[in-house]
Amino acid sequence: MKIFFLATYLAVKEVIRNRGRFLLVALVIALITLLVLFIAALGEGLANGNRQYVANLDAQLVVFLEKSDFSISASRLETNTVKAVRRVEGVADAGPIYTSNTEIVSLPETLKVSMLGAEAGRPGMPAIVEGRYFRGGEAREAVMDRNVAQRSDLKIGDTIQIRSTQGTDDKFFDLAIVGLVDGQSYFFQPTIFVPSATWEKVRPQSEAELTSDTPYPNIIAVKLVDPSQVDAISARLTDEVSNIEVADIETTINTIPGYSAQQGTVQTQGVFTLLIGILVIGGFFQIQILQKVPQIGVLKAIGSSNGVVGLSAVIQIIVVTALGVGIGGGMTYLFSLGFPPTIPLVFNGTRSLIAVALLLLIGPLGGMVSIIYAVRIEPLKALRLG
Amino acid sequence: MSSVALEVRDLVKSFSLDGGIINAVDGVSFQVKSGEFVALVGPSGSGKTTMLSILAALLTPTTGQVLIDGQNLAQMNEKKRVKLRREKIGFTFQSNNLIPYLTARENVEFMLRLNNKLDRAGRVRSDELLARLGLSDRLHNLPAQMSGGQQQRVAIARALIHNPAVVLADEPTASLDTERAFQVVETFANLIHENDRAGIMVTHDLRMCQFVDRVLQMQDGKLVKVYESKKEILELAQGVLKH
C-alpha cells in the first residue's frame with residue numbers, strides 16, 4: 001500500500017508539473033480514440049445496414065433452396081415448401097420472405113429501397129410500431145421503415161409511387177403507407193414490406209417471369225417451439241423437407257454478399273489503428289524514460305524501490321491514457337452530433353465499450369518496454385551519467 | 001563519547017579489465033564516528049568514487065566488510081540494501097540531485113515519505129532545515145527555478161532530514177562557483193556536527209578540506225595517508241602540503 005501511495009504521489013506530481021507535455025500525448029491518444037471509435041461506429045453502422053433485417057428476424061432458422069450456398073438472392077423456393085416446413089415437429093411458425101429492389105419515385109429525390117414480401121403476423125414480418133399491417137391478397141398497401149418515413153417526410157395514409165422494370169417497360173405502382181416498423185435496413189437500403197401477392201405484381205421482373213403470377217419465396221424464416229433446439233430442428237428440417245438447406249441467423253448474416261469482407265476490412269483498420277497507438281505511446285514513454293535515467297538513478301539511490309519506480313511509470317501511463325481516451329470520447333460524441341444521417345455511424349454500446357477497453361490497454365502495452373527499462377536502471381550507472 | 005557510525009574493514013573491490021584484474025579499492029580500512037566529517041581525496045582513478053559507491057550500498061565489495069550503524073552490507077540482499085539506503089544513508093550528488101517535478105520542500109519531505117515519517121513534526125523540521133540553509137523563500141520553487149547552489153543546499157537538507165547514520169556527498173561543489181562552494185560545504189559541515197551524523201565527502205577541491213575533521217587520501221585504490229591534525233588539514237587546504 002505504501003508503494004502504491006508513493007508511486008501515485010510521484011506519478012501525479014510529474015503529470016501536473018509537466019502538464020503541457022502530458023496533455024500533448026493525451027491529445028494524440030484522444031485522436032487515436034476518435035479514429036478507433038469512429039471506425040467501430042462505422043463498422044456497426046455498415047453491419048446494421050447490411051444485416052439489420054435478418055438480425056431482427058423473429059426466427060431462429062432460415063430455410064434456403066438446396067445448393068444456394070445460403071445466398072438469399074440465389075435461393076428460390078417452391079411455394080409448397082412453406083407448408084412442409086410448418087408441418088415439421090418443433091417448428092412453431094414459418095413465414096416466407098420475398099426479396100427484390102425497387103425505387104420510390106414520388107419523393108423529391110428517387111429513393112432506392114429493398115422491397116420485401118412477407119405475411120403479416122408471421123416470422124419475416126417485423127412488429128408494427130405505428131399504424132397497422134397491410135391487408136392480404138393484392139392490397140396495394142405497404143409498411144415502411146420509420147427512419148425512411150421520417151427522413152422523407154412521409155406519414156401513415158400517404159401514398160408512394162414505385163417504379164419497377166417489368167420486361168422492357170418501366171411500370172409505376174401506387175402503394176398506401178399503412179404502418180411503420182423500426183430499423184429494418186436490408187442490403188444497405190431502407191425497406192418497405194408488401195403482401196406476397198402484391199410483391200409478385202409490383203416487383204421488377206424479366207420478360208420470362210411475367211408469364212407467372214405465382215410468387216416464389218427466396219427464403220423462409222422459421223420460429224422454433226424451443227429456441228435452444230436449433231441444431232436438432234435444423235437436421236430434422238433437412239431430413240423431412242426436400243430440396244432445402246438450413247442455416248441459423250448468424251450464418252445467414254455472414255453469407256450476406258460482402259458482409260464478412262466488409263466487416264473484416266473495418267476490423268483490420270481498427271486493429272491497425274490500435275497498433276499505431278501502441279507504437280506512438282510506446283515511443284513517447286520510452287523517450288521520456290531515457291530522458292529521466294539520472295533522475296530515476298537518484299530515486300533509487302536514495303532508497304526508492306523498483307516497485308515504486310515501476311508502479312509510478314504504470315500509473316502515469318494509465319492516467320495519461322485515461323485522460324486521452326476521455327477527451328477522445330468527448331470529441332467523438334461532439335463530432336457525431338454534426339455528422340449527416342447518410343453516413344452510417346452507429347455507436348453501439350458493446351462495440352464502443354470494447355474499443356474503449358482496448359484503447360485503455362494500449363497505453364500500458366505501449367509503455368511496457370519503458371516500464372521494464374525504468375525498473376532495470378542501475379542507480380550507479382545512471383548517476384555516472386549525471 | 002561518539003559511537004562509530006561507519007566502519008570499513010580491509011575492503012577490496014576488483015574489476016576485470018582486458019583479461020586482467022584490477023583492484024579499484026585495495027585493502028582499505030577506516031572508521032568514521034558520529035559527528036565527524038571526513039573528506040576522501042585523491043587523484044582521478046584513485047578509487048574514491050568506487051569507495052563511495054560501496055559505502056552507499058550501490059556496489060558490492062569483492063572482499064572485506066562495511067558496517068553502517070552496525071549493519072554489515074556484505075550480508076545484505078538487494079531489498080535490504082534499498083532499505084538501508086533509505087533509512088541509514090543520506091546522499092548528495094554532483095548534479096541532477098533533485099527530483100525536477102518536486103518543489104524544494106517536496107524534495108526534502110520525499111525522504112520522510114519514503115521512510116513513512118511524514119507527519120506534522122516532520123514537515124516543521126523540513127521547513128526549519130531549509131530555513132537554516134537560507135531557503136525559506138524557496139520552499140515552493142522547482143529545482144529549475146533555483147540556482148545550482150540553492151539546489152545543492154536542498155539536496156543537503158534532503159540528505160539530513162531523516163536523521164541517517166551516514167551522510168555521503170559526491171563532489172558536492174563540482175558545479176558551483178568558489179564562493180557558493182565554500183558556503184555549501186561550511187553549512188554541510190556545521191549540520192553534520194550539529195546533528196551528530198557521520199559525514200563523508202568525496203572532493204577534488206582540497207580547499208574544501210578546511211571544513212572537515214579528517215582527510216583520507218587515496219591513491220591506486222589504497223588509503224595512503226590520513227590527515228588528522230587541524231594544522232595539517234588547514235595546510236593541505238591552503239596548498240602548503242603536497243597532495
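User: How many residues does the contact take from chain A and from chain B?
Analyst: This is a predicted model, and everything that follows should be read with that in mind. On the side of chain A that touches chain B, the elements that each supply at least two residues are α1 (2–17), α9 (293–301) and α12 (379–385). By class, that side of chain A has ten nonpolar, six polar and four charged residues. The contact takes 20 residues from chain A and, from chain B, 22 residues.

User: Is L299(A) buried or exposed?
Analyst: L299(A) is found in helix α9 of chain A, and beyond its neighbours within four places in sequence it is in contact with S304(A), V309(A) and, from the other chain, I99(B). A residue needs 20 or more other C-beta atoms within 10 Å to be called buried. Because L299(A) has 24 C-beta neighbours inside 10 Å, it counts as buried.

User: At what angle do helix α8 and helix α11 of chain A pack?
Analyst: Helix α8 (residues 259–291) and helix α11 (residues 349–376) of chain A have their axes 8 Å apart, and their crossing is right-handed. Among the residues that make the contact are G277(A), I281(A) and F285(A) of α8(A), together with I362(A), G366(A) and Y373(A) of α11(A). The residues of this contact divide into twelve nonpolar, seven polar and no charged. The angle at which the two helices pack is about 35°.

User: Why is chain B as compact as a globular protein of that length?
Analyst: Chain B has seven helices and ten strands, and its C-alpha trace spans about 50 × 45 × 45 Å along the principal axes. Buried residues make up 48% of the 243 residues in chain B, and of the contacts with a separation of 6 or more, 69% are between residues 24 or more positions apart. The globule rule gives 18 Å for 243 residues, and chain B is therefore as compact as such a protein because its radius of gyration is close to that, at 18 Å.

User: What is the order of the open sheet of six strands in chain B?
Analyst: The edges of this sheet are β6 (89–92) and β10 (222–227) of chain B, each with a single partner strand, and the twist averages 20° from one strand to the next. Strand β3 (residues 37–41) and strand β8 (residues 198–202) of chain B run parallel and are joined by four bridges, with F37(B) opposite G199(B). The pairing in the sheet is mixed, and the order of its strands in chain B is β6-β7-β8-β3-β9-β10.

User: How many residues of β7(B) are buried?
Analyst: β7(B) pairs in the parallel sense with β6(B) over four bridges, and five bridges join it to β8(B), also running parallel. V166(B) is the bridge partner of I89(B) and stands opposite A198(B) in β8(B). From β7(B), V166(B), L168(B) and D170(B) point one way and V167(B) and A169(B) the other way, and all are buried. The strand is thus mostly covered, and the number of its residues that are buried is five of five.

User: Which element of chain A do the buried residues of α2(B) pack against?
Analyst: The buried residues of helix α2 (residues 78–88) of chain B are V82(B), L84(B), R85(B) and K88(B). Within chain B they pack against β4, β5, β6 and β7, and from chain A the element is α9.

Terms used
Residues are numbered from 1 along each chain as its sequence is written. Chains are lettered from A and ligands numbered from 1 in the order in which they are written. This is a predicted model: local features need pLDDT of at least 70, side-chain atom pairs count only at pLDDT 80 or more; totals for chains, interfaces and linings use all residues. Two residues are in contact if their C-beta atoms, placed from the backbone, lie within 7 Å. Ala, Val, Leu, Ile, Met, Phe, Trp, Tyr, Cys and Pro count as nonpolar, Asp, Glu, Lys and Arg as charged, and the others, Gly among them, as polar. A residue is buried if 20 or more other C-beta atoms lie within 10 Å of its own, exposed if 12 or fewer, and partly exposed in between; C-beta atoms are placed from the backbone. The radius of gyration is taken over C-alpha atoms; the globule rule is 2.2 Å times the number of residues to the power 0.38. Axes are lines fitted to C-alpha atoms, for helices over the stretch in contact, and angles run from 0 to 180 degrees between N-to-C directions. A crossing is left-handed if the near helix is turned anticlockwise from the far one by less than a right angle, and right-handed if clockwise. Two strands pair if DSSP finds at least two bridges between them.
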